[in-house]
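Below is a briefing on one structural model, arranged by topic. Please look over the sequence and the structure before reading on.

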Amino acid sequence: MVQDFPSSNGSSEDAPAPDGLDFNNFILEIEPEPASAEAEPVKTKPESNPNLQVQFKSEGGRLLLILPPAPEKSRNPVYWDELRRQLKERISGGERFLQPHTPVHLIARDRLLDSQQVQQIDALLSDAQLPLKRIYASRRQTAVAAATAGYSVEQQTTLSHLGQGQEASRQAMDEPLYLQTTLRSGVEVRHRGTVIVLGDVNPGSSIVAEGDIFIWGHLRGVVHAGAGGNAQCRIMALHMQPTQLRIADKVARSPDDPPMQYQPEVAYIGPDGIRIALAAEFALADLTTQESP
Amino acid sequence: MSRIIVMTSGKGGVGKTTCTANLGMALAKAGQRVAVVDADFGLRNLDLLLGLENRIVYTALDVLAGECRLDQALVKDKRQPNLALLPAAQNRSKESIKPEQMKRLIKALTKVYNFILIDSPAGIEMGFRNSIAAAREAIIVTTPEISAVRDADRVIGLLEANDIKAVRLVINRLRPAMVAAEQMMSVKDVQGILSIPLLGVIPDDEQVIVSTNKGEPLVLEEKLSKAGIAFTNVSQRLQGEKVPLMDLSIPQDSFFTRLKRLFGM
Amino acid sequence: MAIPLISDLLERFFGPAEDPHSRDDVKRRLKIVLAHDRLALDPQTLEMMRQEIIAVVSRYVEVDFDALEFSLATDQRVTALTANLPIRRIRPLGRGADQPISPDSEAKKIELASQSEILAMDAEEAEAALRRFEAKNNAEGSSDGQDPIHAPLDIDRSGLDEETQDDNAALSEDDVAAMNSEAETSTETGESGSEVPDMSAPDSSVSMKSSGNTNSESA
């Protein structure tokens, strides 16, 4: 049995749909940014993926800590405070998977880090018993700062194999991101893969994942699965009470009258938009018949 | 010519956002085409007061990033189609938007809407500067409290320095009984100190909390509460009508009522 | 229902006997605070005023130019200038001029009230302010009981001696008496050869008022 997730008209809306009224049917665009917008398309292009946040990645027995690109070049800029928060979150969420004493290679990319910031990163890693082995930076200032602070540094002019490999292979998703935390208002998690949260997702927070989203807790915020356009992705939560659900390009909002009690549920794209099913009754067979194109 | 009005106060928690929601809704009810703009990036709340939080798909930041058109980001109100909300981003810092970008957003909105209310964040930092960048008029929201009036005064000075000449005052959360007991500044006191034209006085009203809980501005109620009437009056004055100030005086204690109180009746 | 005490009963019936009206308090406090908040005087005028004040003060004392502070606050109702002029030493105007002076102990304050402020202030407020000011002065051990309202230039506890009297005909007799008494004490300490400063008053401050009124509410 599949229960309908009541968005407006029981289906989804792509955007706040214009009503029949005359003045509601308009197209409004802002003027393009004067100058400089077109000036450096080459620079912005490699970082066009907005879903880049701090991530750990294991590669050939090494643990890579990959920082998001420099904020000034990104559409979703990650500034230092936010970077620190994300790093903390990643470490706390994955500490059971991060083997102590695994050497960490910090891929700073084109980010500007001062020696104090490098030391702070090192301190956070040390808390999880992860030694900072080496720093790769493409910015000279960062390399110098890290070297001054006494770290082993490698300055790279190109980050082909480490930092930017993921942009090149756009189709391959990253390994799942495992978070053990409560996501509070204002926090946005973006990941090029599946996101698993052991904790609550509070109103005002959001998750944008290119894969599935699993919430082992209350889901009250905004979650977007299959953000890269994959309509096969699902959202599961123990307590599904989201502000809004999005899968691929579909949007559904929570019902106006919430159910009396909650059970684990699954959201997926059905023939007429986003639907929700009880997890217990969500048979795989159902999925295949409804979803396979 | 569209009217671009920033709602600001300096101090937080005086009811800026409540005023914006109610004023926007009241103007829309009166047939004006109204866009309310949440300029509080990082700590948005206007969507909650309007009950539109679950309809937000894109935010102003997405528009600026070129990820959607402006009309796609506007959340139209089902109850009142004349009203649209331009939501702020919840997740990014206030520094992520510049005054120049705000101007571009507002300028585009003027093509469709004749009232644009900008809900400014508290404080006088970047968020405030963004919200006043495009404004031509300002409504100062204050309460009859020393800290709120002081901050309002500071903000009035900043607005004048930024060439926003039409600055008007809304006094929120007035408690007539306390004024009568000489335990609260009166409307006259506050206006005398700030010396800007008075647009209206909103009495303290528990219904405000109820309406916030429901996400339904007071002015939508069928039977308007005192605060609801006051907000409607403010909107009418804003449209140039002459509406006398509401009578907020409380009936004098008669001997009989005192007697009743004496015996705990 | 318990029987209320008689006083309680009376209070409930007639309202509180002496109700302190916080509304007046808040208005008063706001006015002062706003006077400080609203800063509006063009820099040239302020600079001119500053120069002149320093010039006048420098006739009597040596001002520490590195540490002096001026701040001005106005609104259409109240204008208050606060000047903080740390004094290095007293100018040798007569006897006792070469007494040792410790600069540390002599953070001096000069408080000025402008004419517009005085005009604007309610007579009541001015009086209240004055009373507080006097009370403060007296509490600090100042011996002058005269009304500063009538002293155009009121420099107290500045360690001046009798000779100054001639230069300051405007000073009231009480004022001079106060100065003399202090000048004497300071002379004594000076003669004892110690490094004790002659400004023995705990908060030795020079207070100047323009023609007859004052607002000394700035902290």
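How many bridges join strand β2 (residues 55–59) of chain A to strand β3 (residues 62–66) of chain A, and do the two run parallel or antiparallel? Five bridges join β2(A) to β3(A), and the two strands run antiparallel. Two strands pair if DSSP finds at least two bridges between them; helices (H or I, at least four residues) and strands (E, at least two) are DSSP runs, numbered from the N terminus.

This is a predicted model, in which local features need pLDDT of at least 70, side-chain atom pairs count only at pLDDT 80 or more, and totals for chains, interfaces and linings use all residues. Residues are numbered from 1 along each chain as its sequence is written, while chains are lettered from A and ligands numbered from 1 in the order in which they are written.

**Confidence**

- The model scores ipTM 0.76 and pTM 0.63.
- Chain C has an average pLDDT of 55, and 25% of its residues score at least 70; pLDDT is the predictor's confidence in each residue, from 0 to 100.
- In residues 94–122 of chain C the pLDDT is below 50, and this stretch has 80 contacts in the model beyond near neighbours in sequence.
- Residues 140–219 of chain C also have a pLDDT below 50, with 141 contacts in the model beyond near neighbours in sequence.
- Two residues are in contact if their C-beta atoms, placed from the backbone, lie within 7 Å.
- Where pLDDT is low, the predicted coordinates should not be read in detail.

**Chain A: overall**

- Chain A contains six helices and 17 strands.
- Of its 293 residues, 38% count as buried. A residue is buried if 20 or more other C-beta atoms lie within 10 Å of its own, exposed if 12 or fewer, and partly exposed in between, with C-beta atoms placed from the backbone.
- Among contacts in chain A with a separation of 6 or more, 42% are between residues 24 or more positions apart.

**Chain A: the open sheet**

- Five strands of chain A, in the order β2-β3-β4-β5-β6, form an open sheet with mixed pairing.
- The edges are β2 and β6 (153–155) of chain A; each has a single partner strand, so one side of each is left without a neighbour in the sheet.
- On average, neighbouring strands of this sheet are turned by 25° against each other, direction ignored.
- Strand β5 (residues 132–137) of chain A pairs with β6(A) in the parallel sense over three bridges, and Tyr136(A) stands opposite Glu154(A) in β6(A).
- Helix α4 (residues 140–148) of chain A packs on the sheet and touches β4 (104–109), β5 and β6 of chain A; the direction of α4(A) makes about 165° with that of β6(A). Axes are lines fitted to C-alpha atoms, for helices over the stretch in contact, and angles run from 0 to 180 degrees between N-to-C directions.

**Chain A: parallel pairs around β9**

- Strand β9 (residues 193–197) of chain A pairs with strand β7 (residues 174–179) of chain A in the parallel sense over four bridges, and Val195(A) in β9(A) is the bridge partner of Leu177(A).
- β9(A) also pairs in the parallel sense with strand β11 (residues 213–219) of chain A, over three bridges; here Phe214(A) in β11(A) is the bridge partner of Ile196(A).

**Chain B**

- Chain B has twelve helices and eight strands.
- Buried residues account for 53% of the 265 residues in chain B.
- Of the contacts in chain B between residues at least 6 apart in sequence, 76% join residues at least 24 apart.
- The axes of helix α7 (residues 146–161) of chain B and helix α9 (residues 187–194) of chain B come within 10 Å and cross at roughly 35°.
- In this contact, Val149(B), Ala152(B), Asp153(B) and Ile156(B) of α7(B) meet Val190(B), Ile193(B) and Leu194(B) of α9(B).
- By class, the contact of α7(B) with α9(B) has six nonpolar, no polar and one charged residues. Ala, Val, Leu, Ile, Met, Phe, Trp, Tyr, Cys and Pro count as nonpolar, Asp, Glu, Lys and Arg as charged, and the others, Gly among them, as polar.

**Interface of chains A and B**

- 26 residues of chain A are in contact with 26 residues of chain B.
- On the chain A side, the residues touching chain B are twelve nonpolar, eight polar and six charged.
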